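Welcome! This short report walks through a protein structure step by step. Take a look at it below, and then read on.

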Amino acid sequence: RDIQRMPAAEQLEWFDSMDTELVALQDKDTFTIINRSDVPSGHQIVKSAWAFRRKRRPNGLIYKLKSRFVVRGDLQKLAEAEQTFSPVVDWSTVRLLFILTAAQGLHTQTIDFNAAFVQAELPEPLYMELPPGYGIPGTDKVYKVTKSLYGDVRAAKLWYKHLSSALVNKLGMTKSSIDSCLYY
């Protein structure tokens, strides 16, 4: 639904949510604003978009409006050799771990990484249009993005490499040869 067609009070909540998202990305040094003329020749300037979600409690009541600033990855042009595959855990591995946990009387714990994809550095900068509704009047500015954003076709792979590196190099874990998402 188009934000402009919503009641004024709901529009303000969505705009606050969008502002919160941009501030969070700025705090993580995700991008800098540059002149369009400073984009190196041959580099694509990708469009951006907003993804909106109403977060609900189990009873169905809305408790938060979430805006996510995303790259229009569907418009990205990548070199043919650039791979974007990211491994996904095999569910038989998850089931086995839960069985072992229960059999040993242990407890499990989950972790949710806040803004996970933004943790990963891009191998080279991505140039992107400013968010819809956030242009700087009278200027021709774009974002020079240095960290992965949701929507980027490489984002999942870059996040996996970033997490894998931290698990192996900082925590001394070993990646399983059977499931590339299992570390011990």
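## Salt bridges

A search of the whole structure turns up six salt bridges, a salt bridge being a side-chain nitrogen of Lys or Arg within 4 Å of a carboxyl oxygen of Asp or Glu. Before meeting some of them, please note that this is a predicted model, in which local features need pLDDT of at least 70, side-chain atom pairs count only at pLDDT 80 or more, and totals for chains, interfaces and linings use all residues. Residues are numbered from 1 along each chain as its sequence is written, and side-chain values use heavy atoms, with hydrogens and water left out.

Let us start with lysine 66 and glutamate 21, whose side chains meet in a salt bridge (3.5 Å, N to O). This pair links distant parts of the chain, with lysine 66 in strand β4 and glutamate 21 in helix α1, 45 residues apart. Helices (H or I, at least four residues) and strands (E, at least two) are DSSP runs, numbered from the N terminus. Lysine 66 is partly exposed, with a relative accessible area of 22%, whereas glutamate 21 is buried at 10%. Here buried means under 20% relative accessible area, exposed means over 50%, and partly exposed lies in between (1.4 Å probe, protein chains only).

## A network and another pair

Glutamate 129 and arginine 36 also join their side chains in a salt bridge (2.9 Å, N to O). Glutamate 129 counts as partly exposed at 22% relative accessibility, and arginine 36 counts as partly exposed at 26%.

Arginine 154 forms a salt bridge with aspartate 152, and their closest N and O atoms are 2.9 Å apart. Arginine 154 is buried, with a relative accessible area of 7%, and aspartate 152 is buried as well, at 5%. Elsewhere, salt bridges that share partners join Arg36, Glu129 and Asp140 into one network.

## The nonpolar cores

Now for the inside. A nonpolar core is a set of buried Ala, Val, Leu, Ile, Met, Phe, Trp, Tyr and Cys residues joined through side-chain atoms within 4.5 Å. The largest one has 23 residues, and Phe69, Met128, Tyr143, Val145 and Leu149 touch the most other members. At least two residues of this core come from each of α1 (8–27), β4 (62–71), β5 (121–129) and β6 (141–147). Helix α1 gives the most, with four residues.

What does valine 145 contact, leaving aside its neighbours within four places in sequence? Its partners are Thr30, Phe31, Leu122, Pro125, Leu126 and Met128, where contact means heavy atoms within 4.5 Å. There is also a second, separate core of seven residues, which includes Val70, Phe117, Tyr150 and Trp159.

## Two buried serines

Serine 48 is part of strand β3 (residues 48–56), and it counts as buried because its relative accessibility is 11%. A polar atom of the serine 48 side chain lies 3.2 Å from the backbone oxygen of glutamate 129, and the backbone oxygen of leucine 130 lies 3.1 Å from a polar atom of that side chain. Not counting residues up to four places away in sequence, serine 48 touches residues including Phe69, Val70, Arg72 and Met128.

Serine 86 sits in the loop between β4 and α2 and counts as buried at 16% relative accessibility. The backbone oxygen of alanine 156 lies 3.3 Å from a polar atom of the serine 86 side chain. With residues up to four places away left out, serine 86 touches Ala156, Lys157 and Tyr160.

Leucine 97 lies in helix α2 (residues 91–103) and is partly exposed, since its relative accessibility is 40%. Phenylalanine 98 is found in helix α2 too, and at 48% it also counts as partly exposed. The C-alpha atoms of phenylalanine 98 and threonine 108, ten residues apart along the chain, are separated by 7.9 Å.

Finally, most residues other than glycine have a negative phi. Aspartate 29 has a positive phi of about 50° although it is not a glycine. Aspartate 29 lies in the loop between α1 and β1 (31–35), and it is exposed, with a relative accessible area of 55%.

Note on methods: A polar contact is a pair of N or O atoms within 3.5 Å; within protein, one must be able to donate a hydrogen and the other to accept it, and residues adjacent in sequence count only if both atoms are side-chain atoms.
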